[in-house]
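The text starts where the chains meet and then turns to each chain.

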Amino acid sequence: MTNLTRSELLDLVYRFYPRALLPFERRHVPPGEPFYDDTEEHQRLVEASNRGRAEYPTWKAMIRRLGDRYSLENLSLHLLSGWTDSAYSAGIWFTEETALSFHVSLLGPYYGIHLPRLSEEEPVAREVAREIEATYPGYQRIPPELGDEIVPDVATSGCLMGDMTIYICLFSKYWTWVEP
Amino acid sequence: MRTLFRSIASLLVMVVAGCTTVDPDECWINTSGGFEDEQPIPIGAGVGATSSGDFGSPPAAEPLSADGESNPCMAGSVTYVSFSPSEFPFVTTLPDDGTGDGGGFQVAKANLEFKRTSTGSVWYCGITIGMPLRNHHYGKISASRAADISVDVTEEAAAKMKYDLPPGTFCIMFVPAVEAAFQSMYPKLGQVVK
């Protein structure tokens, strides 16, 4: 495992998200102006989603194993409906109100676990991490001090410039499913 | 009470930008008596306004009219939206296999209309909403329930928008506003919006 750096993660993000371009609907883009969905970067994100759909059985088998032990909700069903997204995501419920979410990126060998503020859930997070690392060898967990970094100059549908973090870019908007 | 207020208010969302206070001498009064023991409610307060004729006397101008003379309270400042469940025709894109705490997926594509009363300009925002057919917290979510939820959420989001933005920018800002409304009104529903 290598030490992750902010710059390598930003380089990865910028391969999939066009810089300084807003995701206007096509009807609002003047002729001749670049259209977000047509950019090379967005097309790479579409291809990554396609790969995610193709490799979905691996994810499904993993969450089934975890689902045998925990109350698990798969948050990746939209991928199978043809949506473009940057990660597989799922949540594990501890109580009716508290859950953690975990995410395996489709953009690079990274995963993330979003814990609520309850430290007693750490053992579950460790078990999820073990399961992910066994299923996706070589994948590294992105720590909060890097994942919560704002990514300058990028936006996507539903997340504006200045609000996009490395976590959201690499693990989808579902990263915010658990608050804070 | 809050539920009653919410259900009535959701029929017609009133967005007040710049006309944040209403003088009862100048603007319409809801003569329906308000809620329970409350006093009549100024229309500008954002409640009691409906499109079905709750007024004791006709208003000076139709709020939704782009061509008519503006009501003095609303001139240049007020925009209404009122969406309908029929604008969110949810279709199943993935059947529920019955496993886990959630399953299946449904999607609706809507083209929502917005109007600026001061200029009469009309624009549309395309929005696609997806949500599971079954969810840990909400149980089974039928297409009609999904459409009702979508109306609630988009009207709530529309109420917080700034209507002086150019249409393209408005539509970009509308999507995160809808996401935020989902998060506050239906947390952990598992929806996606674009």
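Two residues are taken to be in contact if their C-beta atoms, placed from the backbone, lie within 7 Å. In this predicted model, the contact between the chains takes 24 residues from chain B and 23 residues from chain A. On the side of chain B that touches chain A, the elements giving two or more residues are β3, β4, β5, α3 (167-185) and β8 (192-193) of chain B, and α3(B) gives the most, with seven residues.

Chain B, taken as a whole, has three helices and eight strands, which follow the pattern α-β-β-β-β-β-β-β-α-α-β when read along the sequence. Of the 194 residues in chain B, 37% are buried. Among the contacts in chain B with a separation of 6 or more, 61% are between residues 24 or more positions apart.

Strands of a sheet pair through backbone hydrogen bonds, either parallel or antiparallel. Here strand β3 (residues 91-94) of chain B runs antiparallel to strand β4 (residues 105-116) of chain B, and three bridges join them; B:L94 stands opposite B:F105 in β4(B). On to strand β5 (residues 121-131) of chain B, the pairing with β4(B) is again described as antiparallel and extends over 11 bridges, with B:K115 standing opposite B:V122 in β5(B). The hairpin of β4(B) and β5(B) has four residues between the strands, and B:G120 takes a positive phi near 80° there.

Chain A holds an open sheet of five strands in the order β1-β2-β3-β4-β5, with mixed pairing. Because β1 and β5 (140-141) of chain A stand at the edges, each with a single partner strand, one side of each is left without a neighbour in the sheet. The partner of β5(A) is β4(A), and these two pair in the parallel sense over two bridges, where A:Y110 has A:Q140 in β5(A) as its bridge partner. The loop between β2 and β3 of chain A contains A:T95, a residue that counts as exposed because it has 9 C-beta neighbours inside 10 Å. Although A:T95 and A:S71 are 24 residues apart along the chain, their C-alpha atoms are separated by 9.2 Å.

Across β1, β2 and β3 of chain A lies α3(A), which runs at about 155° to β1(A). This helix (residues 56-67) has 12 residues and reaches 16 Å from its first C-alpha to its last, close to the 16 Å expected at 1.5 Å a residue. Which residues of α3(A) are buried? They are A:W59, A:M62 and A:I63, and they lie on the same side of α3(A) because they cover an arc of only 95° around the axis. An α-helix has 3.6 residues a turn, so residues three or four places apart point the same way. The cover over the buried residues of α3(A) includes β1 (71-74), β2 (87-93), β3 (99-105) and α5 (122-135) of chain A, whereas the face turned away from the buried side carries the exposed residues A:P57, A:A61 and A:R65.

In soluble globular proteins, nonpolar side chains tend to be buried together. The largest nonpolar core in this model has 40 residues, of which A:V13, A:I166, A:C169 and A:L170 touch the most other members. The elements that give two or more residues to this core are α1 (6-16), α3, β2, β3, β4 (110-114), α5 and α7 (166-171) of chain A, and its largest share, six residues, comes from α7(A). Leaving aside neighbours within four places in sequence, A:C169 is in contact with A:V13, A:Y17, A:S86, A:V151, A:V154 and A:M164. A second, separate core of 39 residues includes A:Y36 together with B:Y163, B:I172 and B:V192.

Conventions: Residues numbered from 1 in each chain as written. Chains lettered and ligands numbered in written order. Predicted model: local features only at pLDDT ≥ 70, side-chain atom pairs only at ≥ 80, totals over all residues. Expected span 1.5 Å × (residues − 1). Buried ≥ 20, exposed ≤ 12 C-beta atoms within 10 Å, placed from the backbone. Arc of directions from axis to C-beta. Core = buried A, V, L, I, M, F, W, Y, C linked by C-beta atoms within 7 Å. Pairing = 2+ DSSP bridges. Axes fitted to C-alpha atoms, helices over the stretch in contact; angles between N-to-C directions.
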